[in-house]
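Biologist: I'd like to learn how to read a few features of this structure with you. Can we go through them one at a time?

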Amino acid sequence: MYLYNSATHRKEKFVTHTPGRVEMYTCGPTVYHYAHIGNLRTYIMEDALEKFLRYEGNEVNRVMNITDVGHLSSDADTGEDKMLKGARREHKTVMEIAQFYTDAFFEDCCKLNIKTPEVVQPATGLIEDFIQVISSLLDKGYAYVAGGNVYFDTSKLSRYYIFNDHDEENLAVGVREGVEEDTNKRNKNDFVLWFTKSKFEDQALKWDSPWGVGYPGWHIECSVISMKYNGEYLDLHCGGVDNAFPHHTNEIAQSESYLGHPWCKQWFHVHHLNSDNGKMSKSSGEFLTVSLLEEKGYDPLAYRFFCLQSHYRKTLVFSWENLDNAAKAYQKLIKRIAGLKPEDGAVDEAAVAQWKEKFLQQVGGDLNTALGITCLYDVLKAPLNDATKLAAIQSMDSVLSLSLGEKAAELRAKEAARPAAQTGAAGFTIQGEGDPEIDALVLQRAEAKKAKDFAKADAIRMQLKDMGIELTDVPGGAVWKRV
Ligand code: AMP
Ligand code: ZN
């Protein structure tokens, strides 16, 4: 496949260190609050990328961290620890907060059909490894101790800004957010590898280290977790675009200085989901969650469909109207697929293979998931029998993960349950949306009318109206729809 590489600023053929095997790393959530649907946009697109690489025939080893320590309220080294902030807000311990929001994150992922990575590593589980890498960086002269903290010395690098196609405004964010100037730093971009109690007395989680009791910086966790589980050569590193600087820039600095050779070739950055009034962010406290979408009656997979309809390198603007449109299109697509008859003909394997090839080509141009969705509609229109169409759609859905086969089968089963409700009154046909409960009420009303029990018939009509059902009598039956 071809992918845009933020490190080289162009689209490139994606090549791995070991042919057929992808070592993939994903920055995981900071578990001090629920993930918002912006965070989840990033994880949906990364999930589609991983599944596409598997669809191409690769084996993928995907590693993700869970940030449960060290991420300060500014992405630079200032402010309060985010985890501590969460614990204070909810009067719980940091570890209780971490466990609760880690579980909540994976529950949301499950609802969105996001696969769990092969390795999920909380930062607090690998402190010894961080200390070992930091010690080595000190030994090699890439780090220094000042004011009780250990800093990475960026002046030792020949090139620090890797992702410099991001505009200066974005590059500066992490630095500008810092309210206090850290006078221990030798250079503006130096960053903390290890904090000690000398600076942050109120830190809840602390470990012993050669530099005093303290805790690791945020950036070191991703470098070390990746090097441990992905090995020395990383093929693909993913994250939201805000992670490019300073987080990913610092990861590269640490990993390459430690390893002594280039580390990761391909950098994949997902652009943000914005709400009407700007970027959705956890720290602002105003954000939308998957549970909220469900409360409002949306299927979480309609949100996945919404994300897949647009390109990962474009900012996506969320509005209820946009989500409504996506939800309607998703339901319509399921309905069309439900209309296909699985028993119609034998699967034409050659045709399925051709469609798979077309899908690979379309989506393989920089993860163009929108074109992948177009392929589904094209299959529905193609001159193929239903069994072949279903097989091709099922195959593509192993990447898109919209549960199309399952949802269509559910709808088909609902439809199949309808005639049972109609058998009570011979010749009375019901056209509706395939809900046996509603069909049964419509039928009871027809029987009441036939028996001239108009009071009962009217009562049932009112009951249906209260349920949001619009009922129209037609010759020989009735039509109902949800309004
Ligand atoms: P966090 O939990 O804050 O560490 O973020 C988890 C992931 O979500 C990171 O990869 C971020 O870059 C990404 N992210 C944060 N805000 C947004 C947003 N509004 N839209 C898309 N991705 C985001
Ligand atoms: Zn990271």
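Biologist: How many bridges join S15 to S17, and do the two strands run parallel or antiparallel?

Modeller: Keep in mind that this is a predicted model. S15 and S17 run parallel, with three bridges joining them. One place to look is Gln 431, which stands opposite Val 479 in S17.

Biologist: And what joins S16 to S17?

Modeller: Six bridges do, and here the strands run antiparallel. S16 covers residues 469-474 and S17 covers residues 477-482.

Biologist: Which residue in the hairpin of S16 and S17 takes a positive phi?

Modeller: Gly 476, with a phi near 80°. The hairpin has two residues between the strands.

Biologist: In what order do the strands sit in the sheet?

Modeller: The general idea for side chains first: in a regular strand they alternate between the two faces of the sheet. In this case three strands form an open sheet, ordered S15-S17-S16, and the pairing is mixed. S15 (429-431) and S16 are the edge strands, each pairing on one side only. From one strand to the next, the twist averages 20°.

Biologist: Let's move to the metal. Which residues coordinate the zinc ion (ligand 2)?

Modeller: Cys 27 and Cys 222, each through SG, and His 247 through NE2, at 2.0 to 2.2 Å. Along the sequence, the donor residues are spaced C-x194-C-x24-H. Cys 27 lies in the loop between strand S3 (21-26) and helix H1 (37-55), and His 247 in helix H7 (residues 244-259), so this pair ties together parts 220 residues apart in sequence.

Biologist: Are Cys 27 and His 247 buried or exposed?

Modeller: Both are buried, and the cut-off for that is under 20% relative accessible area.

Biologist: What about empty space? What is the volume of the second largest pocket?

Modeller: The general idea is that rolling a probe the size of a water molecule over the atoms shows where empty space is left. Here the second largest pocket comes out at about 720 Å³. It is lined by 23 residues, and the closest to its centre are Ala 327, Lys 328, Gln 331, Lys 332 and Glu 433.

Biologist: Which helix gives the most to that lining?

Modeller: H10, with eight residues. The elements giving two or more residues are helix H10 (320-338) and helix H14 (404-422).

Methods: Residues are numbered from 1 along each chain as its sequence is written. Chains are lettered from A and ligands numbered from 1 in the order in which they are written. This is a predicted model: local features need pLDDT of at least 70, side-chain atom pairs count only at pLDDT 80 or more; totals for chains, interfaces and linings use all residues. Side-chain values use heavy atoms; hydrogens and water are left out. Two strands pair if DSSP finds at least two bridges between them. Helices (H or I, at least four residues) and strands (E, at least two) are DSSP runs, numbered from the N terminus. Axes are lines fitted to C-alpha atoms, for helices over the stretch in contact, and angles run from 0 to 180 degrees between N-to-C directions. Donors are N, O and S atoms within 2.8 Å of the metal (3.2 Å for Na, K and Ca); water is not among the atoms, so sites may look incomplete. Buried means under 20% relative accessible area, exposed over 50%, partly exposed in between (1.4 Å probe, protein chains only). On a 1 Å grid over the protein atoms alone, a cavity is a set of points where a 1.4 Å probe fits but cannot get out, and a pocket is an open set with protein on both sides within 12 Å along at least five of seven lines; lining residues have an atom within 4 Å of a point. Grid points are joined across faces, edges and corners, and a volume is the space filled by probe spheres set on the points.
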